[in-house]
Amino acid sequence: FDDDTFTDDLPRTEEIARALGKLGVTWSCNAQANVPRRTLEVLKGNGLRLLLVGYETGNQQILNNIKKGMRIDTARRFTKDCHDLGVTIHGTFIVGLPGETKETLEETIRFATEIDPHTIQVSLAAPYPGTELYRQAKENGWFDEKNAELVDEHGLQLAPLHYPHLSHREIFQALETFYKRFYFRPGKIASLVGEMLKSPEMMRRRLREGVEFFQFLYRREMPV
């Protein structure tokens, strides 16, 4: 279910899960990182395979800045519950949000490796016109006039924001650093290889994703 609010109404979420369980289907959905264990148990027991979870950052102040309504300690507990129950997590993170510093970037990378979702997606903060982030960026001078585009000619994300303490170049570089430090860990590599060895289909999928990942890193052009 590609619905960012799917787990906001827990009774409704559990009702849908039970109905899907009766159908015998396997499914996945978006989730906030605050779903209680009892609800996770209902979901897992009724065909849930994967949760796509928007952690965004590992810094509490940045979560407050973007009005995420989330606590880091709650996210940690939620993730541990998912691991205990065998629920796979694809975690999403954003670098370059208001309040970002070199220190908070490091904090978020450490947080991601600590909670260890199965896979991750890292994005650059994108101030789309009409959003609160766009308004803040315009008012505070966070736009880099020479790098105001959100994507390059290949459709790859750029880093249009900068802060007095963090350049758009540093934000751009942080994405690649994040991916490398998360995936190039012995434990994570062993986990992915083990998964591949158990399933020819997963072997093909992970090899394809690996090729796409290195192509992605190769195509990224460092802003000046």
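This is a predicted model: local features need pLDDT of at least 70, side-chain atom pairs count only at pLDDT 80 or more; totals for chains, interfaces and linings use all residues.
Residues are numbered from 1 along each chain as its sequence is written, and side-chain values use heavy atoms, with hydrogens and water left out.

A nonpolar core is a set of buried Ala, Val, Leu, Ile, Met, Phe, Trp, Tyr and Cys residues joined through side-chain atoms within 4.5 Å. Buried here means under 20% relative accessible area, exposed means over 50%, and partly exposed lies in between (1.4 Å probe, protein chains only). The largest such core holds 55 residues, and L51, Y55 and F78 have the most contacts inside it. Helix 7 (residues 168-183) supplies the largest share of this core, with 8 residues. Helices (H or I, at least four residues) and strands (E, at least two) are DSSP runs numbered from the N terminus. Contact means heavy atoms within 4.5 Å. Not counting residues up to four places away in sequence, L51 touches C29, A31, L40, F78, C82, V87, T88, I89 and H90.

In helix 6 (residues 132-140), the buried residues are L133, Q136 and A137. These lie on the same side of helix 6 because they cover an arc of only 100° around the axis, the arc being that of the directions from the helix axis to the C-beta atoms. An α-helix has 3.6 residues a turn, so residues three or four places apart point the same way. The exposed residues K138 and E139 are on the face of helix 6 turned away from its buried side. Just after helix 6, G141 has a positive phi of about 70°.

Pockets were found on a 1 Å grid over the protein atoms alone: a pocket is an open set of points with protein on both sides within 12 Å along at least five of seven lines, and lining residues have an atom within 4 Å of a point. Grid points are joined across faces, edges and corners, and a volume is the space filled by probe spheres set on the points. The largest pocket contains about 1,000 Å³ of space. Its lining has 34 residues, and Y183, R206, E209, G210 and F213 lie nearest the centre. Helix 9 gives the most to this lining, with 10 residues. By class, the lining of the largest pocket has 18 nonpolar, 9 polar and 7 charged residues. Ala, Val, Leu, Ile, Met, Phe, Trp, Tyr, Cys and Pro count as nonpolar, Asp, Glu, Lys and Arg as charged, and the others, Gly among them, as polar.

R206 is located in helix 9 and is buried, with a relative accessible area of 14%. Leaving aside neighbours within four places in sequence, R206 is in contact with H118, T119, L192, E195 and M196.

The second largest pocket contains about 360 Å³ of space. It is lined by 16 residues, of which I66, I94, L97, P98 and L133 lie nearest its centre. Helix 6 provides the largest share of this lining, 3 residues.

Two residues other than glycine have a positive phi. K67, with phi near 55°, lies in the loop between helix 3 (60-65) and helix 4 (72-85) and is exposed at 70% relative accessibility. D116, with phi of about 55°, lies in the loop between helix 5 (102-115) and strand 4 and is partly exposed at 28% relative accessibility.

Technical notes:
On a 1 Å grid over the protein atoms alone, a cavity is a set of points where a 1.4 Å probe fits but cannot get out, and a pocket is an open set with protein on both sides within 12 Å along at least five of seven lines; lining residues have an atom within 4 Å of a point.
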